[in-house]
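The sequence and model are shown first.

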Amino acid sequence: MLKTKGRYLQISIYIMILVAFIFVMGITRNCSKIAATSIGGNSGGDTIDIAIIYNPNSLYLKDDSIMGLNRDIALQFSNEEKIPVKIWPVADMEDAMEKLDKGIFDVLASVPLDNNIKERFPTSQSIFLDRLVLVQSCDSSGAGMEVKSSLDLNGKTITIASGSPAANRIKNLANEIGGEIEILEADGLSDELVCMKVAGGEILFAVVNEKTAESIAKDFPILSYDNPISFSQFQVWLFNPNDSVLLQNFDKWFSVFKETDDYSTLLKKY
């Protein structure tokens with residue numbers, strides 16, 4: 001019982017830190033480059049508003065420093081192309097996509113590429129590869145793991161972040177196994193917070209990107225993410241539908257950047 005209470009306390013502290021981080025970002029020492037989600041976008045002028053999904057691979061806080069693969073790529077693009085950018089951490093993917101569609105944001109980084117995304121937004125070339133995995137609880141020996149293969153998901157409920165492209169993959173998976181899988185979208189929660197709720201026992205199953213699950217599992221060894229839900233997927237940046245010039249400029253720059261040692265170093269780092 002004491003261990004269980006301790007685990008819940010640890011998760012609660014993580015969640016409070018994450019929420020506090022998102023809402024006070026604009027007053028940190030990085031405020032010239034980073035702004036808080038609550039303020040919005042629409043910076044105006046030549047400034048590009050880049051929304052980045054908060055997770056342990058894309059954008060996160062570590063030892064009072066802001067880090068993340070998408071964050072570093074955005075700043076590299078800004079520095080090399082001499083274009084001012086403002087970065088907005090976001091947790092709710094669907095809300096961020098709505099703001100992107102309205103022009104409040106210029107870019108959203110990054111999401112797994114699928115047909116629904118391609119129909120809705122212009123997308124960059126692949127920034128990196130990731131895949132979707134099932135997250136569930138077990139002990140260090142694997143005991144207690146309820147789902148050992150995709151067939152075991154029949155009749156189960158899987159939680160995903162609101163607006164996550166994982167919904168389409170889960171629906172296809174249900175058809176593949178000839179069963180039913182209920183999808184529960186967690187409004188306002190990021191993949192990271194969904195994983196923490198699995199660790200805390202609030203939900204049984206979640207589907208998130210593998211890199212996110214891997215990072216969270218370092219702090220919560222009770223989490224298992226050994227069951228892939230998809231093959232490797234291209235992770236892409238989404239662009240406002242009315243700004244094809246920005247997309248063309250970014251893709252032209254990124255085609256050169258991805259051949260450099262700096263890009264290779266970023267991939268190894270994150």
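## Packing of H2 against H9

In this predicted model, helix H2 (residues 69-81) and helix H9 (residues 261-269) pack at an angle of about 160°. Angles over 145 degrees count as roughly antiparallel, and H2 and H9 are therefore roughly antiparallel to each other. Their axes are 10 Å apart, and H2 passes H9 in a right-handed crossing.

On the H2 side the contact is made by Leu69, Asp72, Ile73 and Gln76. H9 contributes Asp262, Leu266, Leu267 and Lys269. Sorted by class, the contact of H2 with H9 has four nonpolar, three charged and one polar residue. As a general point, an α-helix has 3.6 residues a turn, so residues three or four places apart point the same way.

## Packing of H2 against H8

H2 also meets helix H8 (residues 244-257), with the two axes coming within 11 Å and crossing at roughly 100°. Angles of 65 to 115 degrees count as roughly perpendicular, and H2 and H8 are therefore roughly perpendicular to each other.

The H2 residues in this contact are Ile73, Gln76, Phe77, Glu80 and Glu81. They meet Leu246, Asn249, Phe250, Trp253, Phe254 and Phe257 of H8. By class, the contact of H2 with H8 has seven nonpolar, two polar and two charged residues. Ile73 and Gln76 take part in the contact with H9 and in the contact with H8.

## Aromatic pairs and a cluster

Over the whole structure, a search finds 13 aromatic pairs. One of them joins tyrosine 60 and tyrosine 270, whose ring centres are 6.4 Å apart and whose planes stand at 85°, so the pair is edge-to-face. Tyrosine 60 lies in strand S2 (residues 60-62) and tyrosine 270 in the segment after H9, so the pair ties together parts that are 210 residues apart in sequence. Tyrosine 60 is buried, with a relative accessible area of 15%; tyrosine 270, at 17%, counts as buried too.

Phenylalanine 257 and tyrosine 263 form an aromatic pair that is edge-to-face, with 5.9 Å from centre to centre and 70° between the planes. Phenylalanine 257 is buried at 3% relative accessible area, and tyrosine 263 counts as buried at 11%. Both belong to one aromatic cluster, together with Phe77, Trp237, Phe239, Phe250, Trp253 and Phe254.

## Glutamine 235 in strand S12

Glutamine 235 is placed in strand S12 (residues 233-239). Its relative accessible area is 1%, and since buried means under 20%, glutamine 235 is buried.

Neighbours within four places in sequence are left aside in the following list. Glutamine 235 is in contact with Ser110, Val111 and Pro112, with Gln125, Ser126, Ile127, Phe128, Leu129 and Asp130, and with Asn209.

## Helix H6 and the residue after it

Helix H6 (residues 191-199) is mostly covered, as eight of its nine residues are buried. The buried residues of H6 are Asp191, Glu192, Leu193, Val194, Cys195, Met196, Val198 and Ala199.

Terms used: Residues numbered from 1 in each chain as written. Predicted model: local features only at pLDDT ≥ 70, side-chain atom pairs only at ≥ 80, totals over all residues. Heavy atoms only, no water. Axes fitted to C-alpha atoms, helices over the stretch in contact; angles between N-to-C directions. Helix = DSSP H or I, 4+ residues; strand = E, 2+ residues; numbered from the N terminus. Parallel < 35°, antiparallel > 145°, perpendicular 65-115°, else oblique. Left-handed = near helix turned anticlockwise from the far one by under 90°. Contact = heavy atoms within 4.5 Å. Nonpolar A, V, L, I, M, F, W, Y, C, P; charged D, E, K, R; others polar. Phe/Tyr/Trp six-rings, centres within 6.5 Å; stacked < 30°, edge-to-face > 60°. Buried < 20%, exposed > 50% of the residue type's maximum accessible area, 1.4 Å probe, protein only.
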